[in-house]
Amino acid sequence: MSSDILEQIITSVVEGEPDETVELTRQAFEAGVEPLTIINQGLVAGMRVVGDKYQNGEYFLPHLIIAANGMQQAMALLKPELHIRDQAIEAAGTVVIGTVRGDIHEIGKSLVATMLSATGFEVHDLGVDVPVETFVAKVKETGANLLGMSALLTTTMTAQRQVIEALVEAGIRDQVKVIVGGAPVSREWADSIGADGYADDAVGAVTEARQLVG
Amino acid sequence: MRPKLNILSDELVDQIIAEGFELLLDPGVRVHNEEALKLLADAGADVNRDTQIARIPESIVRQALETTPPEFYLYNLDGEPAVHYGGDSVQFDPGSAAITILDSETQQQRPPLTADFVKFVKLVETIPQLDAQSTAIICTDVTEDIGDLYRLYVALNYMRKPIVTGAFRTDTWWTMKDMLAAVAGGEAELAAKPIAVFDVCPSPPLLWSDLTCQNMIDCARHNIPSELVSMPLAGATAPVTLAGAVVQHTAECLSGVTICQLVKEGAPIVWGGSPAAFDMREGTTPMGAVGTWMIDCAYTQVGKALGMPTHAYLGMSDAKIVDAQCGLESAGGAIMAALAGVNMVSGAGMLDFESCQSYEKLVIDAEIIGMAKRLIAGIEARDEPIALTIMRKLGHRADYLAQTHTRKWFSKEQYIPSAVIDRSSLDGWKRKGAKTALERATDRVKQLLATYQPSPISDELRVELRDMATKTARKFGMDALPPLPED
């Protein structure tokens, strides 16, 4: 029974049926399967297949994101139960991510957040137009070891430098690796502001994140 | 609605056809073939045996057009219909009869050998955008006398897709027919389910050589499809005006259709060609000239007006290496051909006019073909209403990537290219080695060749084919054929 329903969860994630993923997760939990088992042997196992299919060219971004969304909805169901059991998911890392103040461009940032989430990171997405102090506060609160900042405008990319300076002032710069991205952002820019990593697409961001904290 | 290019007005089509008929009466067509002259004379044409000129009345030609099949299929070696000649079906095969190969390592032209053509046939099998094979390369490690049948022999050992071919002599045609019949399971089977079409080329202006006319006659008699390849060179062997070149093409093709149908009513034959707008500076025959594309599209429209299946040599380049000119000329011709609704577009892989084949160009051209096919599939509503449901669901959220609507439609709406086409970010492109299109094409050739699946023909049949080819080779003083490469 347990392995059957876990197989079904994997299939639902791989085939990108978020409603089914959530419903099967509920059924598995009610049938007494441990939440961590559902996560590791169902949801994460399914996402691994999706990731492989994306890497080998069979799957595309919509497949990846729809599957990741299904996984996230199912996780939302299980998280309170993990909390009750005093258990935690083994994440590849904890990431705070957002688009900097004055900049409302969302797609690239959300893509990176989804990709990181789908590849095993715990992601805290602050959205767009995020003030400097909000980044710092969230890193403190979550104990994140990775901070991702997006900027699509040459006029807003300077905010990336301000956030890094604020991390230094708050005394937590050593705790967190900083990765920056966005259309005008380059490796040179990242180096000049003291960022640890840089990527200019979502796949590159995952590679960079894994190198920095994985 | 499917996008369609009609390059000529209806009035101009009518006038071109009318002038084509006029040319068949005056000055008439030269036919250097006794059998064809007799057939034409018997049908009521005015034939002068001394000058070998036939003046053919419109009524005979009209009768021939009546009996010509408006459509037919070529079959693959699994017996499935794979290529549809007729209507606005658009299919692609490699340019044929290259006399050089662009070496993969050196990117220099050199004489092709058997191993080169084997590699080429395998590559064509693995390219999904290509619908048919062609006898694309003339191998120089066999005597010229068997150059035609040897290409077919090699291809038959490795192919599944149907093939566009042609004979260089009247006697070798018979060996080619025998090999095709052996693969098809007999002559009747070959007639019922043809796996090949033979190019037959009138010589401009208005001449049928004995060779090509006899090939056409023999094809018709065996119900093997033939493909007219009329090639007016506008300004050199044909009028320089584009419409004038099309008139000449029309007359040559009408005479071909007539001879073919006089041999056997209902024999399949294709309205095709390889014209060029002659280059007035270099004295060459550019396949990448816009004028060439326009003549092709125009004669295709004329052929369709007459109810004929169509063919054209398009999607080639006059460049000598795989460079920017190569890409732009191949794309222009292929897209024009697709929009014109040419049933079989021959030319993929070819450069240096019609002289050189390139594996790397072939996989780049495959992407052009993929895009051209997507283009003519047109734009459809897909959903009813088109966008209201999904846009009202999302409101002002830019969250389309995460929608099942997106997943459902993106691969139908978009043509998704292979890695030959680079769409990475600058950094992503650098991570992958900062490769040029030629380098990416080189990678793609290797990847595709690794996926090749052997053809379904039996070992006995392979031996039989080899015996046939060897027997003919011995007539021309060549005792043994080169070995086919071991896998």
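Two strands count as paired if DSSP finds at least two bridges between them. The legends below describe a predicted model.

**View 1. Five strands of chain B form an open sheet.** The order is β9-β10-β11-β13-β15, and the pairing is parallel. β9 (133-134) and β15 (269-270) of chain B take the edges. Each has a single partner strand, so one side of each lacks a neighbour in the sheet.

View 2. B:Ser134 has B:Val164 as its bridge partner in β10(B).

**View 3. Strand β4 of chain A (residues 177-181) is mostly covered.** Of its 5 residues, 5 are buried. A:Lys177, A:Ile179 and A:Gly181 lie on one side. A:Val178 and A:Val180 lie on the other. Both faces are covered.

**View 4. β3(A) and β4(A) run parallel, joined by 5 bridges.** Strand β3 covers residues 146-150 of chain A. A:Gly148 sits opposite A:Ile179 of β4(A). Helix α7 (residues 158-169) of chain A carries the chain from β3(A) to β4(A) in a right-handed β-α-β crossover.

**View 5. β4(A) also pairs with β5(A).** Strand β5 (residues 197-198) of chain A joins in the parallel sense over 2 bridges. A:Val180 faces A:Tyr198 in β5(A). With helix α8 (residues 187-192) of chain A, the two strands make a right-handed β-α-β unit.

**View 6. Chain A meets chain B.** Here 13 residues of chain A contact 11 residues of chain B. Helix α4 (residues 61-84) of chain A supplies the largest share of the chain A side, 6 residues. That side divides into 6 nonpolar, 4 polar and 3 charged residues.

Conventions:
Residues are numbered from 1 along each chain as its sequence is written. Chains are lettered from A and ligands numbered from 1 in the order in which they are written. This is a predicted model: local features need pLDDT of at least 70, side-chain atom pairs count only at pLDDT 80 or more; totals for chains, interfaces and linings use all residues. Two residues are in contact if their C-beta atoms, placed from the backbone, lie within 7 Å. Helices (H or I, at least four residues) and strands (E, at least two) are DSSP runs, numbered from the N terminus. Ala, Val, Leu, Ile, Met, Phe, Trp, Tyr, Cys and Pro count as nonpolar, Asp, Glu, Lys and Arg as charged, and the others, Gly among them, as polar. A residue is buried if 20 or more other C-beta atoms lie within 10 Å of its own, exposed if 12 or fewer, and partly exposed in between; C-beta atoms are placed from the backbone. A crossover is right-handed if, with the strands pointing away from the viewer, the path from the first strand over the helix to the second runs clockwise.
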